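Biologist: I would like to learn how to read the features of a model one at a time, with the general idea before the particular case. Could we go through one together?

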Amino acid sequence: MTSFGGFQPVFCTIVPPHVLDRLAQNEDPRLADPARRTLQRDASARTRRHLAAVAGAPAAARRAGAEAGKPHRTIYDARHGTDLPGTKVRGEGDEPGSDATVNRAYTGLGATFELFLSAYRRDSIDGSGLPLDATVHYDREYNNAFWDGEQMVFGDGDGEIFLDFTRSIDVIGHELAHGVTQYTANLTYYGQSGALNESLSDVFGSLVKQYALGQTAAEADWLIGAELLAPRVTGKALRSMKEPGTAYDDDVLGKDPQPATMDDYVHTSRDNGGVHINSGIPNHAFYRAATVLGGNAWERAGQVWYDVLTGGELEQDARFTDFAKLTVKAARARYGEGEDLDAVSKAWEHVGVRTA
């Protein structure tokens with residue numbers, strides 16, 4: 001355990017290792033070299049995160065002068081180095097500068113803060129006004145973005161496969177949502193509990209985008225990272241919650257391996273037991289529930305998922321069935337017997353996860 005209120009922070013990246021592994025094996029050094037360096041950098045950062053957790057990193061606190069219910073954002077520039085956090089380039093309330101990457105990071109942190117505050121009355125990702133820090137221009141041709149348990153970090157991409165990782169607001173929301181999970185259910189990052197951890201980040205990342213754009217469930221694209229893929233890539237995003245397994249089908253990246261139902265559940269020891277792959281199943285369940293209920297997805301389906309995440313009953317090693325049963329219980333508790341309960345139950349039935 002650590003001094004993060006007893007929570008064990010994990011190192012979470014938006015681009016799955018299996019994608020980078022495939023790129024690293026490409027014959028073209030323009031594709032392989034950045035992927036290899038990214039994998040090496042991720043391994044190093046993951047080790048540092050583990051050592052910091054073992055040592056007991058100090059818990060973050062609201063900064064002096066920060067108001068409750070208001071974001072406190074700081075953006076740093078690594079200037080293509082790897083020392084964190086880097087040089088401060090924008091603080092809370094500062095006017096936008098000439099660096100679009102800095103401005104997008106600042107906006108994305110604010111949009112995530114606003115969703116959780118407005119929709120769920122949560123003051124920052126820890127519920128107690130945690131400052132939101134982010135570092136941009138991390139390393140050179142770094143093909144990832146991550147939450148390291150304390151802050152956000154964004155690479156610029158290699159320009160061949162991936163573009164600047166601040167381009168997708170749902171990616172920013174996804175990574176910060178790992179922080180919400182860290183401070184609440186603290187789901188173990190392996191197997192089905194790890195896939196739930198990833199899925200919850202996709203859910204709330206998508207809701208951040210929908211909230212920021214004022215989209216209903218019917219209007220949303222339900223894609224994660226739609227703005228990240230370079231023009232040469234045959235694909236539309238990293239993942240699709242609407243149609244898992246269809247986000248990309250590319251001669252370099254291969255085909256999106258995500259299953260939509262338990263019939264195609266992937267048993268693997270890679271990627272912490274397939275956390276980025278099997279997350280497609282609970283992702284699709286949320287999409288089904290949200291679109292059947294209609295309206296704004298963060299208001300009904302999102303509220304049920306948030307209730308489960310923060311309700312105290314979700315075990316760290318929860319499986320899909322455990323989470324599904326709790327969503328049914330939460331829907332009944334909040335909305336009674338009716339269309340919300342029916343939509344949630346049938347969504348899980350559709351993806352082959354039992355709730356009874």
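Biologist: Which residues does UniProt list for "domain: Peptidase M4"?

Modeller: UniProt positions are given in the numbering used here, feature names are shortened, and annotations may be inferred rather than shown by experiment. In this case the record, an unreviewed entry, lists residues 75-182 for that feature. This is a predicted model, in which local features need pLDDT of at least 70 and side-chain atom pairs count only at pLDDT 80 or more, while totals for chains, interfaces and linings use all residues. Residues are numbered from 1 along each chain as its sequence is written, and side-chain values use heavy atoms, with hydrogens and water left out.

Biologist: What are the helix and strand percentages of residues 75-182?

Modeller: Helices (H or I, at least four residues) and strands (E, at least two) are DSSP runs, numbered from the N terminus. By that reading the span is 32% helix and 18% strand, and its end C-alpha atoms lie 22 Å apart. UniProt places a further feature, "domain: Peptidase M4 C-terminal" (unreviewed entry), at residues 185-353; there the figures are 47% helix and 5% strand, with the end C-alpha atoms 20 Å apart.

Biologist: In what order do the six strands of the open sheet lie?

Modeller: Two strands pair if DSSP finds at least two bridges between them. Here the order is β1-β5-β6-β4-β2-β3, and the pairing is mixed. Strands β1 (12-13) and β3 (87-91) stand at the edges with a single partner strand each, so one side of each is left without a neighbour in the sheet.

Biologist: Which helix packs on the sheet and touches β2, β3, β4 and β6?

Modeller: Contact means heavy atoms within 4.5 Å, and axes are lines fitted to C-alpha atoms, for helices over the stretch in contact, with angles running from 0 to 180 degrees between N-to-C directions. The helix you ask about is α3 (residues 100-120), whose direction makes about 150° with that of β2 (73-77). Helix α4 (residues 169-183) lies across β1, β4, β5 (145-147) and β6, and runs at about 20° to β5.

Biologist: How many bridges join β2 to β4, and how many join β2 to β3?

Modeller: Five bridges join β2 to β4, which run parallel, and four join β2 to β3, which run antiparallel.

Biologist: Are the residues of β4 buried or exposed?

Modeller: Buried means under 20% relative accessible area, exposed over 50%, and partly exposed in between (1.4 Å probe, protein chains only). Five of the five residues of β4 are buried: Leu132, Ala134 and Val136 point one way, and Asp133 and Thr135 the other. Strand β2 likewise has five of its five residues buried, with Arg73, Ile75 and Asp77 pointing one way and Thr74 and Tyr76 the other.

Biologist: Over which ring does the charged end of Arg73 sit?

Modeller: A charge sits over a ring if NZ of Lys or CZ of Arg is within 6 Å of the ring centre and within 35 degrees of the ring normal. The charged end of Arg73 sits over the ring of Tyr106, 3.7 Å from its centre, and that of Arg90 sits over the ring of Tyr106 too, 3.6 Å from the centre.

Biologist: How many aromatic pairs does a search of the whole structure find?

Modeller: Rings of Phe, Tyr and Trp (its six-membered ring) pair if their centres lie within 6.5 Å; planes under 30 degrees apart count as stacked, over 60 as edge-to-face and the rest as tilted. The search finds 19 pairs. Among them, Tyr138 and Tyr142 are edge-to-face, at 5.1 Å centre to centre and 80° between the planes, and both are buried. Tyr211 and Trp298 are also edge-to-face, at 5.0 Å and 75°; this pair links distant parts of the chain, with Tyr211 in helix α5 (residues 191-213) and Trp298 in the loop between α7 (280-293) and α8 (301-310), 87 residues apart. Tyr211 is partly exposed at 26% relative accessible area, whereas Trp298, at 10%, is buried.
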